[in-house]
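Subject: Structure for you to look at

Hello,

Here is the structure I promised to pass on. Please open it beside this email and follow along.

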Amino acid sequence: MTTRLLRTVTAVGLLLGAAACSSSGSGNPLDTSSNPSGSSGGGGKTVVVGSANFPENVLLASIYSQALKAKGVKVEEKFNIGSREVLYGQLKNGSLTVLPEYNGALLGYLDAKNTATGTAEVNAALQKELPGSLGILDSAPAEDKDSLSVTQETADKYQLKSIADLAGKAGEFTIGGPPEFKSRREQQFKDIYGLTFKEWKPTGDTTANALKDGSIQVGNVFTTDPKIVQFKLVSLTDPKNLFSSQNVTPLVNKAGLDATATATLNAVSAKLDTPGLTEMMKRVSVDKEDPSAVAKDWLGSNGLG
């Protein structure tokens with residue numbers, strides 16, 4: 001991700017239970033067999049769920065926390081802590097047990113030169129970069145990542161579904177995004193998709209509004225920005241993975257979980273998709289609903305509460 005806190009295993013763990021490798025590409029299951037008494041569920045260790053200090057991460061942490069509690073796991077919540085630098089250190093020293101992460105952003109933090117883009121490729125690289133005490137569980141389909149978005153009217157008029165569909169049309173369009181978006185991405189759009197836009201505008205946090213009012217035709221909007229729902233925007237698919245995968249992925253201290261907690265978090269990931277997360281973020285950011293109440297509703301509607 002380009003402008004905000006970027007959004008976040010090998011098989012050997014001391015306490016985490018075996019489970020099959022999922023299609024998310026998160027790797028081998030974590031192993032609890034070496035210390036079955038170190039259970040977090042039903043009277044064992046307390047699982048400490050942390051979050052970064054922005055609303056979406058708090059919402060995700062609340063989903064994790066409530067799902068674990070529903071399975072009898074003892075949970076302590078430490079939300080709104082701060083940046084990845086602080087959070088990662090607390091995961092490593094055991095102060096936190098679980099953190100909602102974004103796999104591509106986490107990989108970029110650990111290895112800024114890594115060029116992995118797809119979900120499975122990113123997770124395989126993460127497995128190599130994480131220290132032995134930490135691991136990732138299953139990645140959710142949900143991604144909070146860069147996108148190129150357009151209005152529904154533009155999508156219909158030009159038959160746009162993917163970034164590739166902009167070929168031959170980009171020269172008619174003004175594109176907007178963060179101030180650094182042009183310097184970071186202009187050459188990539190040319191090299192990967194063959195796109196040259198008519199004009200670049202630094203629209204920053206007003207990008208979605210600029211799409212709505214027509215001052216730009218294409219904009220860099222994060223895929224879970226509630227304005228996508230509010231303004232009925234269309235996020236174009238990215239078949240060539242210009243933007244790195246940013247799947248919501250639990251980052252865990254392996255000594256703090258058991259098989260029950262692991263299975264519970266993986267079940268959350270299996271149900272969490274980008275449209276669902278975007279709709280929840282509309283309720284939190286636009287409708288000003290309490291994140292814990294939104295999390296509770298989502299868990300109930302997906303049979304996880």
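In which sense do β6 and strand β7 pair, and over how many bridges? The two strands pair in the parallel sense, over four bridges. Pairing is counted if DSSP finds at least two bridges between two strands. Strand β6 covers residues 174-177 and β7 covers residues 199-202. One of the bridges joins glycine 176 to its partner in β7, lysine 201. Thr174 and Gly176 point one way from β6, Ile175 and Gly177 point the other way, and all are buried. Buried here means under 20% relative accessible area, exposed means over 50%, and partly exposed is in between (1.4 Å probe, protein chains only).

Before the rest, some notes on how to read the values. This is a predicted model, in which local features need pLDDT of at least 70 and side-chain atom pairs count only at pLDDT 80 or more, while totals for chains, interfaces and linings use all residues. Residues are numbered from 1 along each chain as its sequence is written, and side-chain values use heavy atoms, with hydrogens and water left out.

The whole chain

The secondary structure comes to 11 helices and 10 strands. Helices (H or I, at least four residues) and strands (E, at least two) are DSSP runs, numbered from the N terminus. The chain has 305 residues, and buried residues make up 52% of them. It exposes about 12,600 Å², of which carbon and sulfur atoms supply 49%. Those areas come from the Shrake-Rupley method with a 1.4 Å probe; for residues, only the protein chains shown count as cover.

The nonpolar cores

In soluble globular proteins, nonpolar side chains tend to be buried together. A nonpolar core is a set of buried Ala, Val, Leu, Ile, Met, Phe, Trp, Tyr and Cys residues joined through side-chain atoms within 4.5 Å. The largest one here has 51 residues, and Leu59 and Val248 touch the most other members. Helix α1 (residues 55-70) gives the largest share of this core, seven residues. Apart from it lies another core of 21 residues, among them Ala170, Ile175, Phe181 and Phe189. Ile175 is also one of the residues of strand β6.

Salt bridges

Side chains of opposite charge can pair when their charged atoms come close. A salt bridge is a side-chain nitrogen of Lys or Arg within 4 Å of a carboxyl oxygen of Asp or Glu, and the structure holds seven of them.

One joins lysine 182 and glutamate 186 at 3.0 Å, N to O. Both residues lie in helix α6 (residues 181-193), four residues apart, about one turn of the helix. Lysine 182 is partly exposed at 37% relative accessible area, and glutamate 186 is partly exposed at 22%.

Another joins lysine 282 and aspartate 287 at 3.3 Å, N to O. Lysine 282 is buried, because its relative accessible area is 19%. Aspartate 287, at 37%, is partly exposed.

In a further one, glutamate 289 meets arginine 283, with the closest N and O atoms 2.7 Å apart. Salt bridges that share partners join Arg283, Glu289 and Asp297 into one network.

Three single residues

Glutamate 143 sits in the loop between β4 (134-136) and β5 (148-151). Is this residue buried or exposed? Glutamate 143 counts as buried, because its relative accessibility is 17%. Leaving aside neighbours within four places in sequence, glutamate 143 is in contact (heavy atoms within 4.5 Å) with Thr223, Thr224, Ser245, Gln246, Asn247 and Thr274. Its side chain reaches the backbone nitrogen of glutamine 246 at 2.9 Å.

Asparagine 123 is in helix α4 (residues 119-129) and is buried, at 0% relative accessibility. A polar contact of 3.1 Å joins its side chain to that of asparagine 103. A polar contact is a pair of N or O atoms within 3.5 Å; within protein, one must be able to donate a hydrogen and the other to accept it, and residues adjacent in sequence count only if both atoms are side-chain atoms.

Lysine 227 is in helix α8 (residues 227-230) and is partly exposed, at 22% relative accessible area. Beyond its neighbours within four places in sequence, lysine 227 is in contact with Asp205, Ala208, Asn209, Lys232 and Leu233. Lysine 227 and glutamate 279 are 52 residues apart in sequence and 9.7 Å apart in space, C-alpha to C-alpha.

Regards
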